[in-house]
Amino acid sequence: MHVRFIVSMAALCTLMFATVVCAAAPIKIGALFAVTGPAAFLGEPERNSAKMVVDEINAAGGIKGRKIELVIYDTAGDATKAVQLATKLIKDDKVVAIIGPSTTGESMAVIPVAEKEQIPLISCSAGIKITDPLKKWIFKTAQNDTLAVGKIFEQLQKQKLTKVSILTVSDGFGASGREQLKAQAAAFGISIVSDDTYSPKDTDMTAQLTKIRGIKPDVIICWGTNPGPAVIAKNAKQLGLKIPLYMSHGVSSKKFIDLAGDAAEGIRLPSGKVLVADVLPTSDPQKKTLMAFVKDYQKHYKAEGDHFGGHAWDAVMLLKGTFELGADTPAAIRDQLEKTKQFHGIGGTFTYSSLDHAGLGKEAFVLVEVKNKDWVIVK
Amino acid sequence: MQFDQLLQYVLSGLSTGAIYALIGIGFSIIYNATGIINFAQGEFVMLGGMLTLLFLDSCKLPLWAAIPCAIAVSTASGMLFERLAIRPLRQPTPINLVIITIGGSILIRGLSMLLWGKDTHAIPPFSGEEPIAVGGATILPQHIWILGITLLIIAANKFYFYHTISGKAMRACAYNRRAAGLVGIDVRRMVLFSFIISSAMGSVAGIIVAPLTMTAYDVGVMLGLKGFCAAIIGGMSSGGATVVGGLILGILESLGAGLISSGYKDAIAFIILLLILFIRPQGLFGKAQSERV
């Protein structure tokens, strides 16, 4: 009887001790994603990926016994709402770091808030303005447009193609691409021989392509997100254009091949590596992470993991890296983030420094070509 | 400027214009029967495409069977729209009705978004994708389908309005609603008919363009507005004038994009719309007091 009492007391003590450990305050991080609205194609996979990876970290026991608590708000792609929600995350939820927002417009709106409140923010949007000029508390995981443009021009330079016609969509994404294409052309010995646009809802681009055909460029580069580029691919096939067609990373998903059908064959574009994870050489340092991410996402959401989700995945993992090194206050997290070196994520291999908060190089992109309704890497 | 380039602009313009014409006629039929502009017309165009996709993918029907089903369902929704939103109105002033149609279009678009998501979808072409050379220009088999079906529908339309009793009755309503009622025409039934015809035509337009332009829950907005422009150029006639209006609009857009700047493509359509409304509100071909059917 006596022995049993001691044993049960001991058991009780262990149990209490265990609860105390479990109850160690979780690390609270906030996330702002455009889960609904026009940018939902970004926000939805981002939310899914962030949730997935946080759940996994917690299921594995958290970080040094502390769980991560993820507070996600939907901005609906609205910059005003994003600012309100960012304030709410900081003041009410008292998060130590923020992931997101999904679009460049929202990110630019939220940046002053994060800077003022001194909370590290890892944006998931691509605009170069976010981290250039450098801001103390702002980082990002999405690849810059500059890198994608550079990747295409590098290939053209290799093939000695110099005359380029550009056809860009008249929205933020297209305008940013157009700016970069024009700005970087000279450095690669490339001249832009024609500059046309189309609006996001246009249904026929044969007029623009006919004009381009008359100019006879070496290459056409089209910068847009679905469905415009798919229409352009179809129109180009209809006109029997023999000029090589390059697209932007804005259409680097299977959806583009579905929409353009046969017309997609032979089209080249720069893409994040997640798209071609299975055909990457095993020597690629990202391959293991990428394969795991794709498989995991497939298991949880019955859909193909894309690089948009990858941006959120990278952001969570970068934060996890700082937590593992003991950082749990905004200032410590920021300092630790800046010291991140050679982190092999989904978007690329990140190395932040006090001069670079974007962290990626040109090798974050690979040039892919559509062949037999699938992607192959252009050597 | 080479000839084949010009020919390509004109041919591309004609095929886009044919669609604008088809949608434009839908606008004018309802306008003539009821005196309202049905801003939900574009949504029936969207429904045509999206429902075809639904029957193709979810019900695994072949294309030839999916199309009539899609037309039937969108026509039924046009009927329902008239019954539930237009008819119950006690004091139907034009402004009330116009606002109701705008509300209806937002509702239809929202429901479609919930039902089918925000993705863009492709529909297979009716007969292959091999380009056909015409002079120095090229068109797709689908363009021939578009032009052919548009012509057929316009001919059928003409026959209905001039050679059938109910068509003549609808024209009577357009001339003078009150008088038509007095001679025993059921005006309310004619209004219902006008919604049936124009939603069916809208959905056909949506189906025949979908293989070229692809379809999504929000394609109806722009196509609807362009169709409205075509109807305005044609002076809201449900015959040849709107067709010519649509074709002119298509060709001007395509020439504008090719010769001036592609950035102004949509601006061209709306500048024409404003000019017509300012200078010739009766339409390009109408006399000041013209017959409106």
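Let's start in chain B, where helices H1(B) and H10(B) cross each other with a right-handed sense. Keep in mind as you look around that this is a predicted model. H10(B) covers residues 240-260, and its axis sits 6 Å from that of H1(B), at an angle of about 140 degrees. Angles over 145 degrees would count as roughly antiparallel, and the pair is therefore described as oblique. Sort the residues in this contact by class and you get 12 nonpolar, 12 polar and 1 charged.

Stay with H1(B), which takes in residues 3-34, and turn to another partner: H8(B), residues 187-213. Here the angle is about 170 degrees, and the axes are 9 Å apart. That angle makes H1(B) and H8(B) roughly antiparallel. If you want to pick out the contact on screen, the H1(B) side includes Ile19(B), Leu22(B), Ile23(B), Gly26(B), Ile30(B) and Thr34(B). Facing them from H8(B) are, among others, Met190(B), Phe195(B), Ser198(B), Met201(B), Gly202(B) and Val209(B). By class, this contact has 15 nonpolar and 5 polar residues, with no charged ones.

Now for the place where the two chains meet. On the chain B side, 26 residues are in contact with 29 residues of chain A.

How does its overall size look? Chain A has 379 residues, a length for which a compact globule would have a radius of gyration near 21 Å, and the value of 23 Å for the chain agrees with that. Of the 379 residues in chain A, 53% count as buried. Finally, take the contacts in chain A with a sequence separation of 6 or more: 66% of them join residues 24 or more positions apart.

Note on methods: Residues are numbered from 1 along each chain as its sequence is written. Chains are lettered from A and ligands numbered from 1 in the order in which they are written. This is a predicted model: local features need pLDDT of at least 70, side-chain atom pairs count only at pLDDT 80 or more; totals for chains, interfaces and linings use all residues. Axes are lines fitted to C-alpha atoms, for helices over the stretch in contact, and angles run from 0 to 180 degrees between N-to-C directions. Helices (H or I, at least four residues) and strands (E, at least two) are DSSP runs, numbered from the N terminus. Angles under 35 degrees count as roughly parallel, over 145 as roughly antiparallel, 65 to 115 as roughly perpendicular and the rest as oblique. Two residues are in contact if their C-beta atoms, placed from the backbone, lie within 7 Å. Ala, Val, Leu, Ile, Met, Phe, Trp, Tyr, Cys and Pro count as nonpolar, Asp, Glu, Lys and Arg as charged, and the others, Gly among them, as polar. The radius of gyration is taken over C-alpha atoms; the globule rule is 2.2 Å times the number of residues to the power 0.38. A residue is buried if 20 or more other C-beta atoms lie within 10 Å of its own, exposed if 12 or fewer, and partly exposed in between; C-beta atoms are placed from the backbone. A crossing is left-handed if the near helix is turned anticlockwise from the far one by less than a right angle, and right-handed if clockwise.
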